[in-house]
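My entries follow the order in which I checked them.

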Amino acid sequence: MEKEKNKCQRCGTCCRKGPPGLHREDKRLYEQGILQKEHLLTLRREELVRDNVMDRTIRLSEEMIRIRSKRHETACIFFDGKTSGCQIYEARPLECRVLECWDVNKIRRVYATDRLARSDLFSPDSAIKQIVDEHEEQCSYARVAELAVRIRANAEPDRPDLEGLAGMVGLDLGMRKSLQDRTGAENLVLEFLFGRSLFKTLPGFGLEVRETEEGYRFLKTDR
Ligand code: SF4
């Protein structure tokens with residue numbers, strides 16, 4: 001007879017499905033150096049993302065930071081596949097502590113509240129905060145979505161829309177490169193500071209970006 005599940009069997013299924021989002025309560029893990037910039041990924045406001053708890057793609061109403069997945073896998077980077085264990089078990093974040101796979105009500109109550117954002121981690125007058133804010137203003141997903149919808153809807157998209165989106169793609173990449181040149185920041189750190197590049201995320205909005213001699217071009221994709 002199958003055992004009734006009312007406590008964690010340490011099977012690793014949850015950790016394989018995807019890493020947790022972070023909450024303000026998890027800020028101490030960043031301050032203690034347990035979670036470092038290269039362990040984290042920022043998902044920006046209005047970005048299209050897969051929501052594992054609701055099991056669907058959603059547009060984020062607010063920014064969130066989550067632990068990264070392993071390369072080309074959905075599993076959390078701290079998941080040890082050999083032991084099905086967590087490498088930071090004693091310091092695992094809030095969502096991992098409340099997740100009960102046999103009853104998801106508890107995680108549903110906490111997962112969308114008090115989410116950690118970049119502004120919680122940078123001092124308000126720091127140079128990095130100013131750069132991140134400028135990027136957010138110039139490359140917001142609200143504007144990306146607006147342009148992408150119009151470009152997809154028109155057989156012959158308006159030139160200002162195409163130029164506007166191409167400008168944002170160029171600015172997004174330019175700001176990353178500029179910071180990397182000045183500080184030596186690795187790509188993983190840049191994805192924490194600025195989120196994923198528009199080059200990577202535009203296919204979620206139905207547009208693939210191609211770089212040509214004339215500049216950035218957009219191909220409509222099946223979604
Ligand atoms: S932090 Fe640990 S418990 Fe949480 S998903 Fe990652 S491996 Fe699993």
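I began with helix 7, residues 159-183. Helices here are DSSP runs of H or I with at least four residues, strands are runs of E with at least two, and both are numbered from the N terminus. Helix 7 has 25 residues and reaches 36 Å from first C-alpha to last, close to the 36 Å expected at 1.5 Å a residue. The expected span is 1.5 Å times one less than the number of residues.

A note on the source: this is a predicted model, in which local features need pLDDT of at least 70 and side-chain atom pairs count only at pLDDT 80 or more, while totals for chains, interfaces and linings use all residues. Residues are numbered from 1 along each chain as its sequence is written, and side-chain values use heavy atoms, with hydrogens and water left out.

Which residues of helix 7 are buried? I found Asp161, Leu165, Ala166, Met168, Val169, Asp172, Met175, Arg176 and Leu179. Buried means under 20% relative accessible area, exposed means over 50%, and partly exposed lies in between (1.4 Å probe, protein chains only). These buried residues pack against several elements, among them helix 5 (127-138), helix 6 (141-153) and strand 7 (207-212). Gly184 follows helix 7, and its phi is positive, near 75°.

Most residues other than glycine have a negative phi. Arg10 has a positive phi of about 55°. Arg10 sits in the segment before helix 1 (13-17) and is partly exposed at 44% relative accessible area. Ser84 also has a positive phi, about 55°. I located Ser84 in the loop between strand 5 (79-80) and strand 6 (85-86).

Then the cysteines. How many disulfides does the structure hold? I count 0, taking a disulfide as a pair of cysteine sulfur atoms within 2.5 Å. For Cys11, the nearest cysteine sulfur is that of Cys101, 5.9 Å away. Cys11 is partly exposed at 34% relative accessibility. Cys76 is buried, at 9%.

Last, the whole protein. I see 9 helices and 8 strands. The C-alpha trace spans about 65 × 45 × 30 Å along its principal axes. Of the 223 residues, 41% are buried. I also checked contacts (heavy atoms within 4.5 Å). Of those with a separation of 6 or more, 64% join residues 24 or more positions apart.
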